[in-house]
Amino acid sequence: MGTIIKISSFTKEILAKTNIPVVFCSPSPVTERLLHESKHRQVSLNLPLAKALTAQDENSRLLHVTDEVLKIVPSGGAPVYLTDYEMLFDPRYRLDVLRLFCDISRKVKLAVHWPGTFESNTLYYAEPGCPDYHTFNIQNFDILCVA
């Protein structure tokens, strides 16, 4: 289901028409310009999510991660460009991060900055052997990867 498009072929019109998460694998000045022109609101997730979770009982934080993310990311209105969300990969939270992005995109047009690497239809986060290492075959998700 996942689609790959080269940044050189990606346009503001494609961004405007897309209703699935757009994952920017190699953000660039072109990316920033497109997001600015399309009026995407940048949302940095780590700090507000950390504050919200530390207000929860330590034993129940796992149960509240998704709800807190959905509270932080504004639904409806301006499209969102999500950055700084690395804490979602924490193995304690047991999240499928791309599935969460797909859920969010049902409520708001979503673009994300990928904090890892992309090779051969696979998104990677962290290095093998790290506890937060994740791989995602984009064919398993309804997303658009801009590489």
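**View 1. Packing of helix H2 in the predicted model.** The buried residues of H2 pack against helix H1 (12-17), strand E2, strand E4 (80-83) and strand E5 (110-113); contact means heavy atoms within 4.5 Å. Helices (H or I, at least four residues) and strands (E, at least two) are DSSP runs, numbered from the N terminus. This is a predicted model, in which local features need pLDDT of at least 70 and side-chain atom pairs count only at pLDDT 80 or more, whereas totals for chains, interfaces and linings use all residues. Residues are numbered from 1 along each chain as its sequence is written, and side-chain values use heavy atoms, with hydrogens and water left out.

View 2. Thr 31, Leu 34 and Leu 35 are the buried residues of H2 (residues 29-37). They span an arc of only 95° around the axis, which places them on the same side of H2; the arc is that of the directions from the helix axis to the C-beta atoms. Pro 29 and His 36, on the other side of H2, are exposed. Buried means under 20% relative accessible area, exposed over 50%, and partly exposed in between (1.4 Å probe, protein chains only). Just after H2, Lys 39 adopts a positive phi of about 60°.

**View 3. The open sheet of 6 strands.** With parallel pairing, the strands follow the order E1-E9-E2-E5-E4-E3; two strands pair if DSSP finds at least two bridges between them. Strand E1 (3-5) and strand E3 (41-44) lie at the edges with a single partner strand each, so one side of each has no neighbour in the sheet. On average, neighbouring strands of this sheet are turned by 25° against each other, direction ignored. Axes are lines fitted to C-alpha atoms, for helices over the stretch in contact, and angles run from 0 to 180 degrees between N-to-C directions. Strand E2 (residues 22-24) is joined to strand E9 (residues 144-146) in the parallel sense over 3 bridges, and Phe 24 has Val 146 in E9 as its bridge partner.

**View 4. The open sheet of 3 strands.** The order here is E6-E7-E8, with antiparallel pairing. Because strand E6 (117-119) and strand E8 (134-137) stand at the edges, each with a single partner strand, one side of each is left without a neighbour in the sheet. From one strand to the next, the twist averages 20°. E6 and E7 pair over 3 bridges in the antiparallel sense, with Glu 119 opposite Thr 122 in E7. Their hairpin has 2 residues between the strands, and Ser 120 takes a positive phi near 50° there. Strand E7 (residues 122-125) pairs with E8 over 4 bridges, again antiparallel; Leu 123 faces Phe 136 in E8, and Tyr 125 faces His 134 in E8.

**View 5. The nonpolar cores.** The largest nonpolar core has 35 residues, of which Tyr 85, Leu 88, Phe 101 and Leu 123 touch the most other members. Such a core is a set of buried Ala, Val, Leu, Ile, Met, Phe, Trp, Tyr and Cys residues joined through side-chain atoms within 4.5 Å. Helix H5 (97-104) is among the elements that give two or more residues to this core, and the largest share, 6 residues, comes from H5. Leaving aside neighbours within four places in sequence, Phe 101 contacts Pro 21, Leu 82, Tyr 85, Leu 88, Leu 110 and Val 112. A second, separate core of 11 residues includes Leu 15, Phe 24, Ala 111 and Leu 144.
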